[in-house]
Amino acid sequence: MKKIGIGYEFYKRMIDDNCYYVDKTLLIRDVYEKGGTVTLFTRPRRFGKTLALSTLQTFLEDERNRQGNRIDNSRYFENKKIMLEGSDDIKSRMGQYPVINLSLKSGKQSDFYNSFMILRKTIIDEYSRHSYIINSDKLDDRDKNEFSSLLNGEEDWRILEKTFKNEADRKRAFQIEVGKYAVALKTLSELLAKYHGHKTVILIDEYDVPLENSYQLGFYDEMVSFIRSLFESALKTNTSLELAVITGCLRISKESIFTGLNNLEVNSINGEDFGEYFGFTQKETEEMLIEYGLPDHIETVKDWYDGYLFGQTEVYNPWSVIKYVKVHVANPNSFPEPYWSNTSSNSIIKEMIEGADDSVKNELDTLISGGAIEKQIHEDITYGDIHESDDSLWNFLYFTGYLKKVSERFADSTTFLTMKIPNREIAYIYKNQLRQWFDKKIKGLDYSPLYDAISSGKPEGIEDFVNSLLAKSISYFDNDESFYHGFFLSLLYGMPDYSVRSNREEGNGRTDIVLYPDNPKDPAYIFELKQRKKFSEMEEGLKEALDQIVLQKYEDGIIDDGYVGSVSYGICFCKKRCIVGLLDSYQ
């Protein structure tokens with residue numbers, strides 16, 4: 001049985017390590033036949049974008065070692081779909097092109113200077129990978145000097161830094177350095193084409209990571225300027241370019257990054273082509289589950305990790321499917337988990353919830369309750385647009401995998417999508433972030449009015465305090481019985497001179513919540529909670545709570561524990577309201 005590879009991003013290593021591989025090699029054919037000179041793929045994170053670029057590189061690259069000797073990669077494609085179904089023209093392209101493969105995902109530093117320096121190092125590393133060309137007589141001295149200057153950039157900068165007399169000198173030199181590396185990909189592609197006698201393939205992964213980071217940290221304009229210059233020189237005015245493939249999570253508007261790039265073909269999750277190459281199809285998922293002896297898990301996996309629609313292709317989250325299989329091969333009785341949610345901070349969901357107005361909250365209620373919302377769709381956005389309007393925010397969530405398309409319509413020259421949460425895994429992210437937001441919102445409050453009402457035997461004071469907090473919550477909680485218990489329990493932990501216990505045996509049953517005094521001569525406080533779906537049923541629910549305290553003899557259990565007595569409250573919740581009643585029996 002093949003190894004289940006978690007986190008493999010390099011095609012050759014996946015094959016070398018005998019990992020289970022879902023064959024996506026026909027992407028190579030379709031990039032040529034359906035893509036543009038420059039093709040941008042936008043897909044959610046962890047949907048196989050990096051592996052796709054690595055596959056392209058392995059197939060197309062005329063790879064050389066440090067001595068310039070050719071490396072034969074043909075064995076990596078034996079019996080793969082590209083060799084079985086690809087045309088002779090496509091197969092003839094194997095191993096024919098110099099390839100530049102650049103990932104921008106490391107550009108996530110706290111300011112532009114440090115982010116640029118890391119991106120520059122990534123470019124220098126790619127120069128180093130191709131350093132075999134420097135000793136060739138195919139390059140003249142001018143070419144070799146230019147290559148060496150860019151290859152040795154880190155060392156040259158360290159030497160230059162020692163000559164700066166003031167901050168102004170450093171800034172001027174830094175701007176020159178930025179300009180120098182803004183054209184470095186074009187320079188490298190030209191020199192590689194001259195050496196190999198074939199135009200260069202350029203692959204750029206995670207292009208939007210430094211853009212998102214710079215937006216969050218306040219240096220977006222500087223980063224946009226650098227990335228725009230890098231792309232314009234390498235992808236727009238480059239006669240040495242064979243083709244380019246770029247990947248990211250979000251399409252950044254042409255005006256900010258891809259200015260004037262007329263040879264760009266954008267393929268988002270709305271695109272009709274390439275849908276099956278990012279994510280697992282139904283057939284691929286079922287085959288993997290069967291391969292590892294998990295055929296009875298197909299419906300569970302579908303419920304948790306399916307639901308995405310890329311073009312007309314239904315796909316599963318590949319990261320989560322692979323994680324699920326690995327875990328359940330070891331223990332078939334394990335519960336499903338939200339594996340994808342653990343790979344990121346999901347900060348956009350957090351920001352959305354924290355900044356939500358009543359309109360957004362209502363739409364969140366609809367989504368989390370299993371409903372759908374309709375929004376105008378537009379792909380050309382910038383990170384600066386995300387918080388400018390609710391529509392931009394919902395678009396961002398859709399294109400990054402937090403919502404899925406249910407249907408679409410076209411009216412007044414505008415496309416509208418009906419969207420909902422894709423699956424239980426994504427629903428968990430929303431619910432978890434909502435709970436964290438609500439807990440944070442109520443943590444900083446002054447609870448003394450609540451504690452005074454409890455100790456004074458004033459149920460109306462408890463009622464007023466709790467209702468003021470419930471008014472701030474999300475209606476989704478109304479359908480979650482455990483929310484009310486956890487919510488009210490969390491309010492009691494800070495009551496002075498008392499400790500709180502939940503579901504402890506007292507009398508003939510288990511009390512919902514009890515506050516036990518540090519001093520046994522003080523009363524304990526019992527809380528029995530009920531929930532009803534209709535406001536008209538709340539009084540009946542309150543009566544049931546108070547009757548249960550008596551029938552189950554909870555107060556007798558408190559006395560048996562050695563406490564002097566107790567005060568008992570019944571509470572009934574319905575949606576964003578509660579009513580509180582007092583069972584007056586303190587002895």
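**Close-up views of a predicted model**

View 1. Cys 572 counts as buried, with a relative accessibility of 0%. In this predicted model, the closest cysteine sulfur to that of Cys 572 belongs to Cys 574 and lies 7.1 Å away, which is too far for a bond. A disulfide is a covalent bond between the sulfur atoms of two cysteines, and the structure holds zero of them. Cys 249 is also buried, because its relative accessible area of 17% falls under the cut-off of 20%.

**View 2. An open sheet of five strands.** The five strands follow the order β11-β14-β15-β16-β17, and their pairing is mixed. Strands β11 (498-502) and β17 (577-583) stand at the edges, where each has a single partner strand, so one side of each is left without a neighbour in the sheet. From one strand to the next, the twist averages 20°. Helix α21, which covers residues 459-470, packs on the sheet and touches both β16 (566-574) and β17, with its direction making about 160° with that of β17.

**View 3. The pairing of β14 with β15.** Strand β14 (residues 513-517) and strand β15 (residues 524-531) run antiparallel and are joined by three bridges. Within this pairing, Ile 513 stands opposite Phe 527 in β15.

**View 4. Two nonpolar cores.** The largest nonpolar core has 51 residues, and those with the most contacts inside it are Tyr 207, Phe 226, Phe 231, Leu 235, Ile 246 and Phe 258. Helix α12 (residues 220-236) contributes the largest share of this core, nine residues. Another core, of 48 residues, lies apart from it and includes Tyr 305, Leu 364, Ile 373 and Tyr 398.

Conventions
Residues numbered from 1 in each chain as written. Predicted model: local features only at pLDDT ≥ 70, side-chain atom pairs only at ≥ 80, totals over all residues. Heavy atoms only, no water. Pairing = 2+ DSSP bridges. Helix = DSSP H or I, 4+ residues; strand = E, 2+ residues; numbered from the N terminus. Axes fitted to C-alpha atoms, helices over the stretch in contact; angles between N-to-C directions. Contact = heavy atoms within 4.5 Å. Core = buried A, V, L, I, M, F, W, Y, C linked by side-chain atoms within 4.5 Å. Buried < 20%, exposed > 50% of the residue type's maximum accessible area, 1.4 Å probe, protein only. Disulfide = S-S within 2.5 Å.
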